Amino acid sequence: MVRGRFAPSPSGRIHLGNILCCLLAWLSARQRGGGVVLRIEDLDTTRCPGRYAGQMEEDLRWLGLIWDEGPGAGGPDGPYYQSERTALYQAALDRLTDMGLVYPCFCTRAELHAASAPHREDGQTVYPGTCRHLTAAEAAERTKVRSPALRLLVPEEEIAFADGHMGEYREHLARDCGDFLLRRSDGMFAYQLAVVVDDAAMGVTEVVRGADLLASTPRQLLLYRLLGLKAPAFIHLPLLLAPDGRRLSKRDADAGLDCLRGRSTAEEVLGKLAYLAGFNPSAEPRTAEALLADFSWERVPGEDIRIPSGLF
């Protein structure tokens, strides 16, 4: 059976882009009789205060995007807040360390930029392997001055997969990404490791998320393989853009649900989003349940979607 999930980060009120992602994940699983898990990705507790998580859960209920397992619903795979699951991430990190695939890194972001490290098209730095060959003695000496981050030693290979909406995607990890972080220097586990551990532990079979995370999938597929875990199917949806072409963020007040709830019903919000995503014939109000009959990934655009001015 299909098992989908929502995995929002509660760093603010959810916006239209978050809602579209949750809606498509919910419809994709529900249309095939599957279940949905809600997981709160609050690893960065300084950016994710508890009040936002509670509000996010209430907002999803208001929209009618009800989950089967997660906060408030319970289930066998909890806890459902990442901040309470760090022992699982540490166990996975220990396994990778025992395999000889983890090494300490003392580079700061500023140092990487100053060293003119290569950059990807999305602006992210490709780690050049600066600390990869440090001896144990050199690493111990540097640890006296700075706590290290931990990186995964990636192989010289290309990883490809067929995305359920965007088609084939491939990446040569060593060239296009470099050795990536598993744990930051402040002790916080990295997204790439946490999301793999959690999706596997929660039995997720289908991951629906924004196209901005498409490039992270090869890294995650590598981790699934190294940890002996079964990878889910991946479906990446186009990003929702503001009328001026900017990517939406939680700082965009007009696109935030706190503002939208003051002037729209849940059905109006969902109907307009489904219209933009190609499977509601008009912008008429629709419930999530009513949209199940018309939903199809084939109708969803492949390119980013710009919100027409005045639609919301």
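**Strands, crossovers and helix packing in a predicted model**

Student: In this predicted model, how many bridges join strand E8 (residues 206-210) to E9, and which residue of E9 is the bridge partner of Val207?

Tutor: Strands E8 (residues 206-210) and E9 run parallel and are joined by five bridges. Within this pairing, Val207 has as its bridge partner in E9 the residue Phe234.

Student: Through which helix does the chain cross from E8 to E9, and what is the handedness of this crossover?

Tutor: E9 covers residues 233-237, and four of its five residues are buried. Between E8 and E9 the chain passes through helix H8 (residues 217-226), and this β-α-β crossover is right-handed.

Student: Which residue in E2 stands opposite Phe6?

Tutor: E1 and strand E2 (residues 35-38) run parallel and are joined by four bridges. Together with helix H1 (residues 16-30), these two strands make a right-handed β-α-β unit. In E2, the residue that stands opposite Phe6 is Leu38.

Student: Are helices H3 and H7 roughly parallel or roughly perpendicular to each other?

Tutor: Two packed helices are described by the angle between their axes and the distance between the axes. For H3 (residues 86-98) and H7 (residues 191-201), the angle is about 105° and the axes lie 10 Å apart. Angles of 65 to 115 degrees count as roughly perpendicular, and H3 and H7 are therefore roughly perpendicular to each other.

Student: How many residues of helix H10 (residues 266-276) are buried, and against which elements do they pack?

Tutor: H10 is mostly covered, with eight of its 11 residues buried; these are Ala266, Val269, Leu270, Gly271, Lys272, Leu273, Ala274 and Leu276. The buried residues of H10 pack against H1, helix H2 (50-63), strand E10 (240-241), helix H11 (288-291) and strand E11 (305-306).

Student: Which residue just after H10 takes a positive phi, and of about what value?

Tutor: The residue is Gly278, which follows just after the mostly covered helix H10. Its positive phi is about 95°.

Methods: Residues are numbered from 1 along each chain as its sequence is written. This is a predicted model: local features need pLDDT of at least 70, side-chain atom pairs count only at pLDDT 80 or more; totals for chains, interfaces and linings use all residues. Side-chain values use heavy atoms; hydrogens and water are left out. Axes are lines fitted to C-alpha atoms, for helices over the stretch in contact, and angles run from 0 to 180 degrees between N-to-C directions. Angles under 35 degrees count as roughly parallel, over 145 as roughly antiparallel, 65 to 115 as roughly perpendicular and the rest as oblique. Two strands pair if DSSP finds at least two bridges between them. A crossover is right-handed if, with the strands pointing away from the viewer, the path from the first strand over the helix to the second runs clockwise. Buried means under 20% relative accessible area, exposed over 50%, partly exposed in between (1.4 Å probe, protein chains only). Contact means heavy atoms within 4.5 Å.
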